[in-house]
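Please read the following note alongside the sequence and the three-dimensional view. The points are numbered so that each may be checked in turn.

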Amino acid sequence: MAADSAAAAGRSGVIHDLGYQRYDGLRLGRRAIIRALCWHSLRSAFGLGRGVKAKIVPVITFVIMCLPAVANAVAVAQGNPRQVPYDTYIFQLRVIVMIIFIAAQAPELVSRDLRSHVLPLYFCRPLRRLDYPLAKLAAFILACLVMIEIPLLFLYLGTVTQEHGWSAIWHQTQALFPGLLVGFMWAVLLAAIGLFLASLSGRRAYSTGTIAIFFFLTWILAGLLFAVSTGEGHPFRGGGQVATTGARLSGLFSPFTVLDGVRQWLGGTSPGPIPPPGSYGVLYGVMLLVLLGLAVGGLAIRYRKAGVA
């Protein structure tokens, strides 16, 4: 009988207690997953938690973006007035630096997951289809805010430390707020466009090239249309002359000039790359909403299915 029982046990198998225990702690759920995904994506945008190579582009671009603020602090310390506007900063420098940063770092947030086919693993958790792209977008907007707004704060601090009297400090503070608002618009629109273009391919090189080509070509196109529409008889030198209708509308073809058109339409007085839009300012506002809607909507459609590759 003992032999028969041992043989039956051998055929049916034996369950061994290896000491594993079920998790009985608090399950944080969907919100905690979104927060963790957003925090991890924000760290990835600056290469934190990775090797030195991943930090090269974020560090260099951030340092370059802060150079005008440092130069302004030196000039103010020597008794000169503030040299850099809050609302435009150094426009061309900001454009070039943000193109490099977005083209290099947006694929870090989405292309790696697409190429590794790990999206089904994310969605097997209590995570909705839109939670993933929205968490990535929120993280990248925060990363772009760091790149844009912190140099503005450095510019402000470098200026107010040399001011005398609360009225002068308050004047600088009032000038800072519109600049922060403009920086927020830049961060939201550029992050949305960059992340959508990066999500179109799982190969980082393709995503980087797509983003860089789109931003550069549209910026060059807007500049060419402006040059053609002004001609030699109607130069624009910071708002002193009357601009043609074509010059006022030329900025609608690039996200950067659209952002500057909205800035001037909302009351910005610092000279920009395009003339003040005047009565056409509403078109710049509409174009800003259209670009943002297309980017966010395209990002949502891209991740509509969990098995997207």
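**Note on the predicted model**

1. Tyr89 counts as buried, because its relative accessibility is 2%, and buried means under 20%. The model under review is a predicted one. Tyr89 lies in the loop between helix H3 (53-77) and H4. Its backbone deserves attention: phi of Tyr89 is near 55°, a positive value in a residue other than glycine. Most residues other than glycine have a negative phi.

2. The chain as a whole has 11 helices and 0 strands. Of its 309 residues, 43% are buried. The accessible surface of the chain is about 16800 Å², and carbon and sulfur atoms account for 67% of that area. Among contacts between residues at least 6 apart in sequence, 76% join residues at least 24 apart.

3. Helix H4 covers residues 91-116. Its 26 residues should span 38 Å at 1.5 Å a residue, and the end C-alpha atoms are 37 Å apart, so the two values agree. H4 is mostly covered, with 19 of its 26 residues buried. Just after H4, His117 takes a positive phi of about 55°.

4. Which residues does Leu195 touch, not counting residues up to four places away in sequence? They are Ala106, Leu109, Val110, Pro133, Lys136, Leu137, Phe140 and Leu299. Leu195 itself is placed in helix H7 (residues 166-198). With a relative accessible area of 0%, Leu195 is buried, because the cut-off for that term is under 20%. Leu195 and Ser207 are 12 residues apart in sequence, and their C-alpha atoms are 9.3 Å apart in space.

5. Helix H11 (residues 281-302) has 22 residues, which should span 32 Å at 1.5 Å a residue; the end C-alpha atoms are 32 Å apart, so expectation and model agree. The buried residues of H11 are Gly281, Tyr284, Gly285, Leu288, Leu291, Ala295, Gly298, Leu299 and Arg302. As background to that list, residues three or four places apart in an α-helix point the same way, because such a helix has 3.6 residues a turn. Against which helices do the buried residues of H11 pack? Their partners are H4, H6, H7, helix H9 (245-249) and helix H10 (255-265).

6. Thr159 is found in helix H6 (residues 131-160). Is Thr159 buried or exposed? Thr159 counts as buried, because its relative accessibility is 1%. The side chains of Thr159 and Asn72 are joined by a polar contact of 3.2 Å. Not counting residues up to four places away in sequence, Thr159 touches Asn72, Val76, Arg82, Tyr86 and Gln172.

7. A disulfide is a covalent bond between the sulfur atoms of two cysteines. How many disulfides are counted in this model? The count comes to 0 disulfides, where the rule requires a pair of cysteine sulfur atoms within 2.5 Å. Cys38 counts as buried because its relative accessibility is 16%, and Cys144 counts as buried because its value is 0%.

Note on methods. Residues numbered from 1 in each chain as written. Predicted model: local features only at pLDDT ≥ 70, side-chain atom pairs only at ≥ 80, totals over all residues. Heavy atoms only, no water. Helix = DSSP H or I, 4+ residues; strand = E, 2+ residues; numbered from the N terminus. Buried < 20%, exposed > 50% of the residue type's maximum accessible area, 1.4 Å probe, protein only. Contact = heavy atoms within 4.5 Å. Areas by Shrake-Rupley, 256 points an atom, 1.4 Å probe, with all protein chains shown as cover. Expected span 1.5 Å × (residues − 1). Polar contact = N/O pair within 3.5 Å; in protein donor to acceptor, adjacent residues only side chain to side chain.
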